[in-house]
Amino acid sequence: MSADVARRIALGAQGFADPRPVGEPTRRHLQKVLSRVRLLQLDSVNVAVRAHYAPLFSRLGPYAPELVDEAAWSHSARRPRLLVETWAHEASLVPVEDWPLLRSGAKRQGWWKGHTELAARSPRLVEDIVAVVKELGPVGAGAIEKALEGGGPRRKDHWGWNWSEVKKICEFLFGEGVLTTGARRGFERLYDLTERVLPPEVLARRVTAEEGARELVARAATALGVATEPDLRDYYRLAPERSRQAVLELVEEGVLEPVVVRGWKAPAYKHAAARVPRRVEGRALLCPFDPLIWERARTERIFDFFYRIEIYVPAAKRVHGYYVFPFLLDGRLVGRVDLKADRAAGVLRVQAAHAEPGVDHGRVAVELAAELREMAGWLGLDEVAVVPRGDLAPALSVVVR
């Protein structure tokens with residue numbers, strides 16, 4: 001297939017060939033997006049908007065963030081929990097029914113394994129933390145530490161973000177699936193026992209590593225449409241040997257179809273149910289952690305768009321900005337904007353705006369300005385302001401004014 005066909009398949013798989021809903025999006029619209037993307041990555045950066053809210057705005061337009069909050073961190077008989085936090089691509093919200101797959105052994109061991117020695121050295125601390133969560137949960141790490149005052153190690157060190165040993169053990173237990181997030185206060189994770197968060201039938205399901213890998217690769221293929229084996233593996237950060245074997249088995253089962261994409265160096269696989277949209281129209285701002293673009297090599301391969309997040313690059317050396325949103329217009333990435341939500345002033349600030357080579361600056365500016373206004377309204381901001389930085393900034397500033 002041509003690279004253009006592969007691009008349209010990928011966009012269709014991620015929901016960008018569908019029109020945005022008329023009227024206010026509902027829980028049903030949320031579920032439709034989740035059936036495509038399969039997970040929402042979490043990230044602590046809040047310079048514009050939290051990462052787990054942004055992909056839904058990109059696909060649905062303005063919606064109530066409470067849809068996500070209720071799906072992930074509240075539960076009632078009438079509205080059961082749809083999402084649970086665990087390590088998937090990174091720390092992510094995933095459908096509750098996918099929990100057994102991610103606990104099957106198909107994934108690579110995560111960074112929390114670095115705390116295994118601490119957990120083995122401090123079994124009493126592990127037991128005490130679980131006991132406190134059982135008694136007080138959902139509860140934050142700071143409150144757990146206060147509850148444990150007077151016993152166990154309280155020494156701070158300089159590892160990572162200078163977490164205490166209590167926080168390290170909490171994250172170890174989170175990574176191991178003993179704890180998950182029962183609720184959030186702001187963005188603070190409030191731990192609870194997984195057995196109190198997930199339905200018994202989900203916890204009771206046992207999945208082998210091989211079965212887990214097959215199902216996760218199949219889900220990744222649904223989300224990506226057409227992909228190389230490393231693309232499929234990366235979606236859930238699977239162990240390479242598990243992923244490669246799963247791809248072979250899914251090809252034999254007819255779930256994946258081997259294809260050659262012109263211009264791609266590696267073999268590719270198309271999900272048998274993936275459709276080829278005749279055209280992709282519309283616009284969207286994509287946060288750095290959107291599943292359409294989070295794998296940067298794939299983004300460059302599909303869109304001819306070189307993209308790197310520059311948060312950790314010194315300000316003087318940044319090319320495009322601190323927290324840059326690529327702009328999708330009619331199926332192509334045509335520009336990028338560095339965004340900051342100035343909540344105190346009520347302004348969505350465009351710190352820089354750059355266009356891709358060969359695009360019509362005037363048309364891109366008009367469409368981008370409209371999307372920025374929509375995002376500002378969604379975030380509760382009154383206006384959009386453009387800093388004169390980047391080759392698209394002059395045209396965008398005129399349209400915004």
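The model is predicted, so local features are reported only at pLDDT of at least 70 and side-chain atom pairs only at pLDDT 80 or more, while totals for chains, interfaces and linings use all residues. Residues are numbered from 1 along each chain as its sequence is written, and side-chain values use heavy atoms, with hydrogens and water left out.

The pLDDT is the predictor's confidence in each residue, on a scale from 0 to 100. Its mean over the protein is 93, and 96% of the residues reach 70 or more. Residues 152–162 have a pLDDT below 50. In the model this stretch has 17 contacts beyond near neighbours in sequence, a contact being heavy atoms within 4.5 Å.

The domain assignment, of a kind that is automatic or taken from a database, gives domain 1 (3–69 + 208–271), domain 2 (111–203) and domain 3 (308–400). The centres of domain 2 and domain 3, taken over C-alpha atoms, are separated by 39 Å.

The structure holds zero disulfides, a disulfide being a pair of cysteine sulfur atoms within 2.5 Å. Burial is judged by relative accessible area: buried means under 20%, exposed over 50%, and partly exposed in between, with a 1.4 Å probe and protein chains only. Cys170 counts as buried because its relative accessibility is 0%. Cys287 counts as buried because its relative accessibility is 0%.

Secondary structure elements are DSSP runs numbered from the N terminus, with helices (H or I) of at least four residues and strands (E) of at least two. Ser2 lies in the segment before helix H1. With a relative accessibility of 19%, Ser2 counts as buried. Ser2 and Trp264 are 262 residues apart along the chain, and their C-alpha atoms are separated by 9.6 Å. When neighbours within four places in sequence are left aside, Ser2 is in contact with Val261 and Arg262.

Gly137 and Pro138 are joined by a cis peptide bond with omega of about 0°. Pro138 belongs to the loop between helix H7 (123–136) and helix H8 (141–147). Arg237, a residue other than glycine, has a positive phi near 55° and is found in the loop between H13 and helix H14 (240–253). Asp330, also a residue other than glycine, has a positive phi near 50°. Asp330 is located in the loop between S10 and S11 and is partly exposed, with a relative accessible area of 30%.

In helix H15 (residues 296–303), the residues Arg296, Arg298, Thr299, Ile302 and Phe303 are buried. These residues lie on the same side of H15, because they cover an arc of only 155° around the axis; the arc is that of the directions from the helix axis to the C-beta atoms. The elements that cover the buried residues of H15 include helix H1 (3–13), helix H12 (209–224), strand S6 (226–228), helix H13 (229–236), strand S10 (324–329) and strand S11 (332–342). Asp304 follows H15 and has a positive phi, near 55°.

Helix H17 (residues 393–400) has Ala393, Leu396, Ser397 and Val400 buried. The arc that they cover around the axis is only 100°, which puts them on the same side of H17. Pro394 and Val398, on the other side of H17, are exposed. The buried residues of H17 pack against S11, strand S12 (347–355), helix H16 (361–378) and strand S13 (383–386).

A nonpolar core is a set of buried Ala, Val, Leu, Ile, Met, Phe, Trp, Tyr and Cys residues joined through side-chain atoms within 4.5 Å. The largest such core has 88 residues, and those with the most contacts inside it are Phe325, Leu339 and Leu396. Apart from neighbours within four places in sequence, Leu396 is in contact with residues including Val337, Val350, Ala365, Leu368 and Val386. Leu339 is in strand S11 and is buried, with a relative accessible area of 1%. Residues up to four places away in sequence not being counted, Leu339 touches Val47, Ala48, Leu285, Tyr323, Phe325, Leu348, Arg349, Val350, Leu372 and Met375. Leu339 and Ala48 are 291 residues apart in sequence but 6.0 Å apart in space, C-alpha to C-alpha.
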